[in-house]
Structure formats: C-alpha cells, structure tokens
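Here are a few notes to read alongside the model.

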Amino acid sequence: MNEMGATKHTGPVKLPGKPDPKLWVSAMPFGLGKIKPHHIRETAKIVWQNRDNLPYAYRILTQGVCDGCALGVSGLYDQTLAGPHLCTTRLNVLRLNTMPAIEEKLLHADIEELRRMDSTELRKLGRIPYPLIRRKGETRFSRISWDEALDYTARKIQAIDPKQLAFYLTARGITNESYYAAAKVARFLGTNNIDNASRICHSPSKTALKRSIGVGASTCNYKDWIGTDVLVFWGSVAANNQPVSTKYMYAAKRKGTKIIVINPYSEPSMEQYWIPSIAESALFGTKLADDVYQVNIGGDIAFMNGVMKHWFAMEEQIPGSAIDHAFVQAHTNGFETLRAHVTQQEWTTLEQSSGLTRERMREFAELLAVAGSAVFVWSMGLTQHRHGTDNISQVANLALLRGFLGREHCGLMPIRGHSGVQGSGEMGADPFSLPGGEFYGADIERVQQLWGFELPRWQGDIVGVTLENALLPEEQERKLRLFYTSGGNFLETMPDPEFVRRCLESIDVRVHQDIILNTSTLADAQEAVIVLPAMTRYEQPGGGTSTSTERMVYFSPEIDGPRIGEARAEWEIYADLARRVKPQAAQLVGLGSSQEVRGEIARLAPNYEGVQHLKDRGDVFQWGGAWLCEGGHCPTPTGQGSLIPIELPELRKPEGHFYVTTRRGKQFNSMIYSETDPFNEADRYDALLNEADARALALSEGEAIVIYNSYGSFHARVKLAPLKEGNIEVHWPEGNVLIPKGVYEKYAGIPEYNTSVIVEKADTYHALKDTRYVEKRIQELETEVE
C-alpha cells in the first residue's frame with residue numbers, strides 16, 4: 001500500500017502581531033541577570049569569525065538551505081512560519097563553509113604536533129585543500145594527486161574481498177545526491193557494508209514506526225505543532241538542538257497548545273527561551289513547557305504502560321472516556337492483547353521503573369484523554385537505548401489508542417538533528433536499505449534491474465560491528481581492510497574511545513573524505529591513511545538537495561564564492577572511484593552530473609518523483625503529502641496500525657548507584673563550540689546531579705568526583721541540577737568512556753548510550769584505588785545489574 005496522503009501542505013502561517021505578557025519569563029529586558037544564551041553577542045562573534053568572507057557568508061545564509069538541523073530553512077525562510085529565521089546553530093556551522101585552506105606548514109607538520117590539538121583546534125585550522133597520504137611509519141602527511149589517491153584506493157579494493165570493504169557517511173551537510181551515489185557505488189563494488197549517522201541516531205524510530213504503522217518517517221509537519229492541544233517532547237531538547245523550533249513552540253503557545261516535556265533532566269532551554277527573531281521573546285523571554293515529567297533514564301516504557309493502565313481503568317468506569325474506540329476498531333489490530341498485557345502490570349513496578357508516581361502518570365493520562373489532538377516529538381533520549389525500538393512503539397501505541405494519527409495537529413515525529421539525515425536511509429546508504437525500499441526481496445530485484453548490475457545478497461554490518469571486524473584474525477573473510485568514511489569521528493562518537501582507536505589503527509587503509517581534519521584522521525593505519533578534500537553543499541556543481549524532518553525536499557543551489565584548492569563534490573568522488581575499480585563496467589556507474597543523479601533518484605525512489613525538477617533556489621516539494629497514514633489508513637498488509645505489547649526493560653541497580661546518560665551542550669554533533677553550556681553554565685566535565693543525591697554522598701557544588709564502572713572512569717565536578725534522583729548526566733562525547741562497547745539494540749542495531757555507574761569523591765577514589773576497593777564496588781554493581 002502507498003503511504004501517500006492526499007492533502008497537501010498549505011504553506012507558512014503568520015505569527016500574532018500583539019504581544020502576550022502571560023508568556024513572558026521576566027519583565028527584565030533581554031533576561032539580564034539570568035543564565036541564557038547571549039544571541040546578539042554570539043552573532044557579533046560569528047560575524048567577526050567570518051570577516052574575511054562576509055559577502056559569501058551572507059549569500060550562503062540568504063540563498064542556501066541550512067546545513068545545520070533538519071528543520072528545513074531555505075535561505076532565511078521555511079514552510080511553517082512567515083518571516084525570516086536564523087539560529088546560532090546555523091551561524092556556528094557557517095565558518096566551515098567560509099574559512100580558508102589550512103596553511104601548508106600546519107598541514108604537513110609532524111603528526112605528533114597535530115595530535116596535541118583537539119578536534120575543535122583542528123577544525124579551526126581550516127579546510128583540507130588537496131589529497132593527502134600518510135603511509136605506515138611516516139610522521140607527516142604528503143601531498144598526492146587525485147589520480148594517485150583514487151588509484152591507490154582502487155587497487156586496494158580490487159585486492160580484497162568486498163566483505164572487507166566498508167563505507168560510512170556522516171550527516172555533515174551531506175546532500176541526497178551524495179548519499180545516493182555512495183549507496184550505489186558500495187553495491188557496485190560488491191559490498192553491503194555501508195552505514196550513516198542517521199541510522200546510529202534514529203534507526204529505532206524507523207524500525208518501530210515501520211512495524212507499528214508501516215512508515216519510517218514523520219507522519220506530520222511542524223505546522224501541526226501550532227494549534228495542537230498537546231505537544232509532547234520526549235527525550236528531545238529541541239530548543240538546544242534545533243533552535244528555530246522555539247519559534248514554532250512560541251506560535252503553538254500563542255494558539256493555546258500545552259507543551260509537555262518528558263526527560264530525566266528539566267532542561268532550562270525547554271522551560272524558557274529568548275527567541276532572537278521575535279521581538280517580544282527576545283526582550284522578555286517565552287515560557288515554553290507547561291509541565292515536565294522527570295522519568296528515570298530508561299523509564300519511559302514503564303511510564304507509558306502506566307498511562308495506558310490508567311486509560312483502561314478510566315474505560316471501565318466510563319466507556320469512551322480515554323480511548324478513541326472508533327479509530328481503534330477501524331484502524332488498529334492487537335487491542336485486546338495490549339489491554340491484557342497492560343492491565344496486569346503492577347503499579348509498584350511501574351513506579352519504580354519509571355521514577356514517577358501513579359498520580360503523576362494519571363495526570364498525563366487525563367491530559368491526553370481530554371485532548372482532541374496531540375503531536376509526539378522525540379529524539380535520542382528515546383532511541384539510544386538497548387530497548388529503543390520498543391520505546392518508539394510505545395509512543396505509537398499511545399497515538400493509536402487516541403487516534404492521534406493521519407490528520408491535522410496530530411502525528412508522530414522523530415525530529416532530526418542534522419540536515420542530511422532524513423534522506424540518507426531513503427537513498428539506501430545503510431545495510432538495511434536501498435533507494436526507495438528495503439534490502440530484501442522485491443526491492444533488490446527492482447533496484448538490480450534499474451541499476452543494471454547484481455547486488456550483493458549478504459547482509460551488511462552496522463558500522464559499530466564493521467569497526468570491531470578490524471580486529472578479526474587475518475583469515476576471516478569479514479576482517480575490515482579498507483574503511484572509507486565521509487566525515488565522522490568515531491573516536492568522539494562511539495562508546496569506549498580507546499577500543500575504537502585500536503579498531504581504526506588495525507585497518508589496512510582508511511580513506512577520510514572530509515572538509516576538515518579531526519582527531520580520527522590522525523590515527524595510524526597498517527598501510528596508509530588517505531585524506532580526500534570534499535566540497536560543501538554550497539560548492540557542489542549543479543546544487544544539491546536535502547530532506548527535512550517533515551519530508552520536505554529542498555533544493556540548495558551552488559553559491560558563487562571562493563573555492564578550496566582541489567576539493568570535489570562528494571558524489572563525484574564516489575563515481576570516479578567506482579570507475580577506477582571496475583573500468584570494464586564503468587558505463588554502469590552513471591552519476592554524470594548532479595542533475596543526472598537526481599534523475600536516477602526519481603526513478604529508484606518513487607516517493608522522490610519530482611526531485612529531478614528541482615533546479616532553482618527555493619524549489620521544494622513534500623513527499624507523502626501533509627500527513628502520512630491520512631485518515632488512519634496505514635501502509636501495512638492489513639491497512640491498520642499494530643498495537644504492540646511492550647515488556648519492561650530491566651533497570652536494576654544497587655542502592656546508592658546511578659544510571660548515567662549523555663547530553664549535548666553547545667555543540668553540533670561532536671563539534672563543540674563552547675566549553676560552557678549557555679543554559680546552565682555547566683562545563684564539559686561537569687556531571688549533573690540531583691541535590692538530594694549529592695547530599696546523600698556528602699558532595700557539594702564544584703567538588704571533584706570520579707564516576708566509574710568496569711568500562712572506564714570519568715573525572716568530573718559536581719553540578720547540582722533539577723535532575724531525577726538516581727540519575728546522572730554527563731556531556732557527550734566526553735562521557736563515552738563510561739559506555740559499554742558492542743551493546744546494540746536488537747531490532748535496529750543502535751549503540752546503547754546509557755549504563756550504571758558508581759560515584760565517589762575523587763580523594764576517596766584515589767586513596768582507596770589500590771586496595772581493591774574500586775574493583776569490589778564494580779563487582780557489586782555488575783552482580784546487581786546483570
């Protein structure tokens with residue numbers, strides 16, 4: 001069945017003209033005296049950083065599609081609200097596009113000198129201007145030609161089993177054209193080992209939505225936030241990660257929408273925000289969240305079971321008081337099984353697991369029960385768990401029971417953090433996907449016929465497993481020998497960084513296709529590290545496209561301005577490499593121009609019919625219409641959504657121990673722009689603790705502590721915060737030393753980014769470290785948790 005809806009998006013709406021003092025945070029102008037971002041000061045700093053290239057910077061901002069988050073701002077405008085939009089996230093990323101090339105003396109400095117820099121310092125050196133190579137034993141990079149670089153890579157690919165070759169693409173402003181080219185080239189070269197940043201972040205969203213309602217994307221629009229009765233943010237700090245979204249929240253508040261946040265930490269940016277492009281909000285701030293439900297890390301499934309348990313109890317008292325029976329009967333299956341599963345749950349267990357009282361669960365249940373509409377938005381707070389897919393199917397259960405699907409002001413939205421990620425899986429750039437379909441059955445046959453060559457039939461590995469394969473014995477057919485990564489820095493994004501370093505340095509040849517250096521580029525390899533300079537989306541000849549969270553496909557034109565050395569379009573590099581590896585079949589590669597690539601995408605991915613016509617600034621279309629599953633009709637074999645009983649995950653931990661998860665500060669993915677979080681003044685090595693937990697451990701603000709488990713230890717300082725008791729938050733990626741490697745969610749393969757830890761005063765930890773005290777504490781933790 002087709003998931004397309006008939007209703008079309010109706011375009012942007014206007015904000016109210018008159019102010020509303022009821023929403024003001026404070027009558028003190030500009031939030032003086034409060035902890036908050038200083039947007040004017042920050043903008044001035046960014047102007048100064050780009051002073052050598054201001055005309056080009058201005059053209060990027062006013063003509064290009066934002067290469068930051070996936071809200072989809074084209075120039076300064078979007079499809080949700082009339083008027084200009086600009087956020088500091090986009091401004092911070094701007095310098096990646098305008099900075100000059102790295103000076104040669106730095107580019108070819110001794111590798112140990114470069115290794116003394118962190119990724120922030122390396123980024124500020126500038127753009128990579130030409131291909132580089134560093135062979136084993138060499139202490140500095142050497143310049144080589146494109147022919148030498150690609151021929152070297154091609155010879156290595158020819159010499160190895162395709163199962164020993166892997167590709168990875170980050171979300172750094174990468175266009176649909178580049179994802180598509182990589183997906184095609186990987187299969188042309190015989191490998192299905194290809195992965196991308198989107199899958200590491202949101203694969204449970206796609207997997208769960210597919211099994212629950214038959215679609216793998218947001219079913220609604222940002223516009224549906226404005227005027228919905230209830231807007232729920234689940235494990236999502238949109239105000240920090242997608243700042244323009246605060247304008248949509250403001251518009252929603254002005255329409256009477258209640259905003260609910262469900263998160264272990266009561267994030268300051270979700271409670272109140274000074275929105276720079278709305279005069280009223282810039283002056284007096286805007287109260288955003290109406291309520292915050294502070295769940296335990298990993299406690300969301302229990303919380304949602306509690307909400308549904310209340311609904312079923314309400315139904316016994318007054319039928320129809322909590323569940324939309326007409327919708328459930330017409331558009332779902334599994335209702336009785338779900339009801340039996342939920343009603344037998346014990347309140348004591350649900351309260352203990354969720355961290356919320358039965359009464360608090362009732363409040364949320366009653367709020368949704370009387371709501372005529374609701375939009376559920378979530379991000380990595382729900383997905384990056386070993387039970388991430390189950391988390392999202394629980395959210396889908398709530399929406400289906402209330403009929404919050406397939407109509408205005410209703411829907412399920414996995415909000416994307418990067419402009420390139422929605423399109424990546426839709427272009428086939430992961431081991432489970434092909435352009436316009438999945439990697440199995442009829443889709444394989446369809447794609448083979450259109451591409452004109454055989455596809456590998458074996459299942460490719462997710463990138464975490466791919467990296468682990470570098471440590472396999474020599475004779476193993478899947479031992480990773482060539483890793484080709486477009487952007488990305490696994491030393492700073494994956495659990496257990498030292499293990500990842502061993503993996504990276506065990507690979508024969510690593511190819512880093514990127515615009516800047518990072519710490520992973522400097523890691524050794526068994527034979528050679530090759531660095532290829534890529535263009536940004538604004539330099540790509542013929543322009544490029546990206547897909548927003550709400551399925552809007554935007555055209556971003558090539559923008560006049562300076563060009564960096566020998567940098568090339570990413571899709572073009574993939575095509576060139578493929579022809580060199582298999583010159584006898586070069587005619588099958590295609591990919592002759594960006595326009596030709598878009599033509600292929602339209603043929604391969606039916607939802608993208610129309611992308612071939614995007615060629616001018618401002619061109620955009622939305623695949624699927626305004627609402628997927630419109631009218632409740634789901635593209636599943638039965639045409640119905642599935643209500644799925646979800647078991648509670650094990651969340652046991654010893655008394656006095658903690659769950660830990662990671663959070664983002666002032667950063668864009670792993671690119672850090674400030675050592676201090678502008679919303680709470682925490683620095684990168686502060687650990688957020690509840691005041692009661694700190695008191696029980698006799699800890700005070702700013703005190704040195706060690707957070708540890710069997711995976712690693714993290715030296716931090718106490719930062720008291722409104723965090724759920726028994727939980728700790730540390731910054732990502734610094735806190736990744738605590739996260740276990742090789743723990744993947746069973747349905748979608750996402751890495752687990754949460755675990756149990758012990759907290760000690762630093763002097764206690766170090767004084768007793770050599771008396772087996774630490775080892776006993778870890779053993780105690782593991783005995784209780786396993």
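This is a predicted model: local features need pLDDT of at least 70, side-chain atom pairs count only at pLDDT 80 or more; totals for chains, interfaces and linings use all residues.

Which helix gives the largest share of the lining of the largest pocket? Helix 9 does, with seven residues.

Residues are numbered from 1 along each chain as its sequence is written, and side-chain values use heavy atoms, with hydrogens and water left out.

1. Start with that pocket (on a 1 Å grid over the protein atoms alone, an open set of points with protein on both sides within 12 Å along at least five of seven lines). Its volume, the space filled by probe spheres set on points joined across faces, edges and corners, is about 920 Å³.

2. At least two lining residues each come from helix 9 (197–213), helix 21 (421–426), strand 13 (433–434) and strand 14 (437–438). Helices (H or I, at least four residues) and strands (E, at least two) are DSSP runs, numbered from the N terminus. By class, this lining has 14 nonpolar, 16 polar and nine charged residues. Here Ala, Val, Leu, Ile, Met, Phe, Trp, Tyr, Cys and Pro count as nonpolar, Asp, Glu, Lys and Arg as charged, and the others, Gly among them, as polar.

3. Now for the cavities (sets of points where a 1.4 Å probe fits but cannot get out). Of its 27 lining residues, Gly235, Asn263, Met380, Gly381 and Thr662 lie nearest the centre. Helix 19 (380–383) and strand 22 (658–663) are the elements that give two or more residues to this lining.

4. Look next at helix 16 (residues 335–343), where Phe335, Leu338, His341 and Val342 are buried, that is, under 20% relative accessible area with a 1.4 Å probe, protein chains only. These residues lie on the same side of helix 16, because they cover an arc of only 130° around the axis, taken from the directions from the axis to the C-beta atoms. They pack against helix 14 (300–317), helix 15 (325–331), strand 10 (332–333) and helix 20 (388–402).

5. Finally, Thr80 sits in the loop between helix 2 (54–63) and helix 3 (88–98). Thr80 counts as buried because its relative accessibility is 0%. Leaving aside neighbours within four places in sequence, its contacts (heavy atoms within 4.5 Å) include Pro12, Tyr222 and Glu550.

Notes: Buried means under 20% relative accessible area, exposed over 50%, partly exposed in between (1.4 Å probe, protein chains only). On a 1 Å grid over the protein atoms alone, a cavity is a set of points where a 1.4 Å probe fits but cannot get out, and a pocket is an open set with protein on both sides within 12 Å along at least five of seven lines; lining residues have an atom within 4 Å of a point.
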